[in-house]
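Visitor: I am new to this structure. Please take me closely through one part of it, the helices and the stretches beside them.

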Amino acid sequence: MPDVRLASSRGRWILFTTVLGSSMALLDSTVVNVALPRIGRDLDADLAVLQWTVNAYLLTLAGFILLGGSLGDHYGRRKVFVVGVVWFAAASLLCGIAPNAAVLVAARALQGVGGALLTPGSLALIQASFHAEDRGRAVGLWSGFGGIGAAVGPFLGGWLVDGPGWRWVFWLNVPLALVCVPVALRHVPESSRTQTGGVRDAGDAREAGDAGGAGGAGGASGARGVRGAGRKGRAGGGFDALGAFLGALALALVTYALIEAGSGSPVVVAGTAAAGVAAGVAFVAVERRSPDPMLPLDIFASRQFTAVNLVTLCVYAAFGGFFFLCAVQLQVVAGWSALGAGTALLPTTVLMLLLSARSGALAERIGPRIPLTAGPLLCAAGMLLMLRVGQDASYAGDVLPGVLVLGVGMVTLVAPLTATVLASVDVTRAGIASGVNNAAARAAGLIAVAALPLLTGMGPEAYRSATAFDDAFRKAMVLCAGVLALGALVAFTTVRRPPPDCRRPECRTHGSVLAPPLEGRPTGRRLP
């Protein structure tokens with residue numbers, strides 16, 4: 001039974017190291033966009049390289065985040081978390097010393113693998129370590145402090161880019177890892193499914209019964225890739241490496257086809273796209289037959305779960321495209337510094353941190369349908385307001401109104417989205433449901449970054465021309481607003497109020513703008 005209390009010295013050390021580890025990934029997801037124009041100039045790279053600088057990371061993160069949780073369950077959550085932190089730091093070091101674009105993109109892909117290990121691992125350690133009475137508060141603190149890291153990211157990234165240079169955006173992760181790893185090894189207890197998953201005494205048996213018999217108090221981590229209800233009473237189990245590989249391969253091939261479609265050989269692009277579809281079909285076939293699928297397809301038997309994930313794809317595709325393009329627009333077209341561009345977007349994260357818990361409470365009272373309809377529409381209005389951003393744009397008159405409306409829209413929809421995902425499945429499958437939703441959001445951003453330049457006619461050198469980029473940015477904002485409106489329509493026509501006794505989110509405070517919060521395994525008690 002996990003018995004560490006939050007007020008104890010060990011509890012504070014566990015919280016510190018998990019926040020520090022997850023903040024590395026959160027920082028990296030927000031600082032790199034600000035550095036893109038400078039990276040392109042220094043490496044003499046075209047727009048496709050900038051797309052791959054973002055997408056190589058998202059590709060491996062989205063493709064392996066479900067597998068990362070399973071590896072922690074199987075080999076030890078602390079061990080996999082520490083491996084993830086070391087891997088992420090080593091890849092960051094390689095990003096910083098990259099002599100050319102090819103090395104940078106490869107290193108970014110390696111970074112995503114490290115992120116897929118440490119992101120679910122940090123939450124899993126909290127879930128497996130803290131006493132049940134403290135677990136909810138510990139998760140809330142972990143989420144809140146991680147959100148602060150996400151908020152600091154654009155400001156810090158802009159300062160580094162304008163000061164010592166863009167390479168320090170990546171090197172920043174190395175000293176964080178040098179602090180995180182020794183603390184984890186000294187103060188964080190090891191745990192795995194074989195240690196915590198079995199029913200060992202009468203108290204564990206009662207807790208396992210309360211949790212629906214999902215393998216005891218130490219069930220899977222927030223993003224684990226295993227079948228939830230189908231493993232009752234089992235202490236062991238495998239993981240789906242083939243499924244993870246095929247999923248990542250399908251995303252990679254489709255992404256390549258979209259990025260190269262504007263300037264590559266039509267035959268190569270068509271062949272790559274066809275191979276991506278074939279890999280996707282093979283992924284579905286493997287998941288259908290696997291005894292331990294990374295993505296149990298029967299979870300989509302819940303129409304509410306399927307509908308909410310469609311909403312997720314719409315809204316996070318728009319968010320991914322917006323944050324990729326906006327930081328470049330502010331620097332290339334408006335002529336701002338990297339620090340000014342990063343700071344300009346800060347209100348979205350601040351609003352999320354301050355108001356996400358209240359938004360979740362409101363949705364619990366009125367139901368998720370209205371917030372999940374109004375939120376995307378507000379975000380669409382915010383993106384349309386960003387059409388005012390052009391040459392010589394002012395912050396107060398042109399940028400801030402759009403950013404504030406976008407932030408209010410994100411506050412309105414993100415917490416209800418997470419709550420509805422959890423409520424749409426059995427409580428024993430809350431972890432896998434949250435992991436699938438998180439991976440879907442990241443995959444949606446990946447596809448948006450690949451597709452928007454193609455759809456808006458953005459050429460390979462567009463980011464070097466204020467006129468060309470401004471024209472494409474305006475088309476992109478209209479497209480993103482349309483996708484958000486589609487998400488609102490899906491929510492309005494499909495989302496219904498969940499039952500009153502459903503699982504409630506533990507992450508009440510959230511600050512990431514590129515993916516919904518992860519939620520963990522059942523805690524053995526009904527959450528308020």
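Guide: Helices here are DSSP runs of H or I of at least four residues, and strands are runs of E of at least two, all numbered from the N terminus. The model is predicted, so local features need pLDDT of at least 70 and side-chain atom pairs pLDDT 80 or more, while totals for chains, interfaces and linings use all residues. Numbering starts at 1 along each chain as its sequence is written, and side-chain values use heavy atoms, without hydrogens or water.

Begin at a loop. Asp 44 sits between helix H1 (9–42) and helix H2 (47–75). Its phi is positive, about 50°, although Asp 44 is not a glycine. Most residues other than glycine have a negative phi. Asp 44 counts as exposed, because its relative accessibility is 63%. The cut-offs are these: buried is under 20% relative accessible area, exposed is over 50%, and partly exposed is in between (1.4 Å probe, protein chains only).

Step into H2 next. Asp 46 caps its N-terminal end. A side-chain oxygen of Asp 46 lies 3.2 Å from the backbone nitrogen of Ala 48.

H2 has 29 residues. From first C-alpha to last, H2 reaches 40 Å, close to the expected 42 Å. The expected span is 1.5 Å times one less than the number of residues. H2 also has a kink of about 50°, centred on Phe 64. A bend is the angle between axes fitted to the seven residues ending at a residue and the seven starting there. Of the 29 residues of H2, 26 are buried, so the rest of the structure largely encloses this helix. Gly 76 follows H2, and its phi is positive, near 120°.

On to helix H4, residues 101–129. Here the cap is Asn 100, at the N-terminal end. One of its side-chain oxygens lies 3.2 Å from the backbone nitrogen of Ala 102. The 29 residues of H4 should span 42 Å at 1.5 Å a residue; the end C-alpha atoms are 41 Å apart, which agrees. H4 bends by about 25° at Gly 121. This helix is mostly covered, with 24 of its 29 residues buried.

Further along comes another loop. Asp 240 is found between helix H9 (202–210) and helix H10 (241–260). Asp 240 is buried, because its relative accessible area is 6%. A polar atom of its side chain lies 2.9 Å from the backbone nitrogen of Gly 243.

Helix H15 (369–385) comes next on this walk. Thr 373 has its place in H15. With a relative accessible area of 13%, Thr 373 is buried. Its side chain reaches the backbone oxygen of Arg 369 at 2.8 Å.

H16 covers residues 395–423. Asp 392 has a positive phi of about 60°, although this residue is not a glycine. Asp 392 is exposed, with a relative accessible area of 72%.

Now helix H17, residues 430–455. Its 26 residues should span 38 Å at 1.5 Å a residue. The end C-alpha atoms are 36 Å apart, which agrees. H17 bends by about 25° at Val 449. A proline, Pro 453, follows that position within four residues. Like H4, which is mostly covered, H17 is mostly covered, with 23 of its 26 residues buried. Just after H17, Gly 457 takes a positive phi of about 70°.

The last stop is Pro 517, in the segment after helix H18 (466–494). Pro 517 is buried, with a relative accessible area of 9%.

Key:
A polar contact is a pair of N or O atoms within 3.5 Å; within protein, one must be able to donate a hydrogen and the other to accept it, and residues adjacent in sequence count only if both atoms are side-chain atoms. Axes are lines fitted to C-alpha atoms, for helices over the stretch in contact, and angles run from 0 to 180 degrees between N-to-C directions.
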